[in-house]
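My notes follow in the order I took them.

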Amino acid sequence: MIYLRPETHLETHDVTNQPPPFENINLFTSDAALQNALTHAGGAVHSARLATFGGVCGSSQVADWAMQANRNPPQLKQFDKYGERLDEVEFHPAYHELMKLGLENGISSAAWTSEAGHVLHTAIEFLMAQAEPGVCCPMTMTYACLPAIKHDATLYAEWSPRVLAGKYDPSSQPAKNKAGVTIGMAMTEKQGGSDVRANTTRATKNADGSYTLVGHKWFCSAPMSDACLTLAYADGGLTCFLAPRWKPDGSRNAIHVMRLKDKMGDKANASSEIEYHGAFARRIGEEGR
């Protein structure tokens with residue numbers, strides 16, 4: 001944050017060698033390399049939009065949000081005061097402002113709704129990451145979910161309008177009641193890490209075609225997402241599923257947040273470990289795919 005006329009002539013010394021805060025800079029119009037890359041990739045049509053967004057991302061207001069979001073990390077609320085299970089994460093208001101800034105300027109939706117959409121998405125994300133990279137994680141996963149969900153026409157018809165809406169709604173309620181959603185991903189497990197073949201989470205098929213998940217995930221990057229793409233072993237092999245935070249009947253899904261990660265950086269985001277205790281999920285694609 002830029003403060004008004006701080007003292008530089010002190011009784012003991014003068015402050016003479018400090019650069020001014022890197023704030024109130026237009027991160028797009030001041031970046032010739034980015035503008036040149038945008039033009040060569042066929043995205044020059046979006047220059048005015050990106051200039052507006054670059055001015056906001058480089059503002060002192062956004063820099064202050066980023067500082068506050070990392071100084072006040074998210075807090076896990078597993079239970080309410082009556083001992084009832086919640087599995088919710090509470091964020092500082094600055095985090096919500098940053099999420100709104102990114103999503104409502106198209107990080108998750110622009111690639112799929114605009115001319116030269118992926119070029120535009122890349123430029124938007126490049127600017128947003130300079131403002132605060134931590135919040136880019138849940139927004140990028142939301143952008144990336146659609147090609148996977150497209151493998152199930154019913155799921156795509158249900159979830160894609162919520163992703164493409166470009167709206168941020170942080171409320172904890174069933175996705176059908178929200179203006180926009182975020183989608184997370186939960187793939188890796190303790191015993192395997194990036195080798196997902198070592199996963200042990202099991203998926204049991206139900207009579208209605210849904211599945212029940214039992215197991216853990218060592219890394220779930222955004223536990224407050226409205227749904228997660230996740231992996232589990234069904235009878236046909238390792239399979240992709242969509243696990244929503246709320247079940248179709250409006251009850252909470254049995255996705256338990258065990259703890260938040262204590263990371264060296266990216267304090268604003270709520271990376272977590274989760275467990276599926278008979279969680280409801282819907283299959284994407286074939287078993288074993």
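Before anything else I wrote down a term: a crossing is left-handed if the near helix is turned anticlockwise from the far one by less than a right angle, and right-handed if clockwise. I took helices (H or I, at least four residues) and strands (E, at least two) as DSSP runs, numbered from the N terminus.

This is a predicted model, in which local features need pLDDT of at least 70 and side-chain atom pairs count only at pLDDT 80 or more, while totals for chains, interfaces and linings use all residues. Residues are numbered from 1 along each chain as its sequence is written, and side-chain values use heavy atoms, with hydrogens and water left out.

**Entry 1: helix α2**

I looked up which residues of α2 are buried (under 20% relative accessible area; exposed is over 50%, partly exposed in between; 1.4 Å probe, protein chains only). In α2, which covers residues 47–57, I found L50, F53, G54 and C57 buried. Seen down the axis, these residues fall within an arc of 105°, so they line one face of the helix. The arc is that of the directions from the helix axis to the C-beta atoms. I noted the general rule that an α-helix has 3.6 residues a turn, so residues three or four places apart point the same way. On the face turned away from the buried side, A48 and T52 are exposed.

What do the buried residues of α2 pack against? I found α1 (32–40), α3 (60–71), α4 (93–103) and α6 (117–131).

**Entry 2: α2 against α6**

Axes are lines fitted to C-alpha atoms, for helices over the stretch in contact, and angles run from 0 to 180 degrees between N-to-C directions. The axes of α2 and α6 are 9 Å apart and meet at an angle of about 15°. That makes α2 roughly parallel to α6 (under 35 degrees; over 145 is roughly antiparallel, 65 to 115 roughly perpendicular, the rest oblique). The crossing of α2 and α6 is right-handed. Contact (heavy atoms within 4.5 Å) involves R49, L50, F53, G54 and C57 of α2, and L120, A123, I124, L127, M128 and A131 of α6.

**Entry 3: strands**

Two strands pair if DSSP finds at least two bridges between them. Strands β1 (residues 75–79) and β2 (residues 85–90) run antiparallel, joined by 4 bridges. F79 has R85 as its bridge partner. The hairpin of β1 and β2 has 5 residues between the strands, and G83 in the turn has a positive phi of about 85°.

I then checked β9 (residues 272–284), which pairs with β5 (residues 211–220) in the antiparallel sense over 8 bridges. T212 is opposite F280 there. Strand β8 (residues 255–260) is joined to β9 by 5 bridges, also antiparallel.
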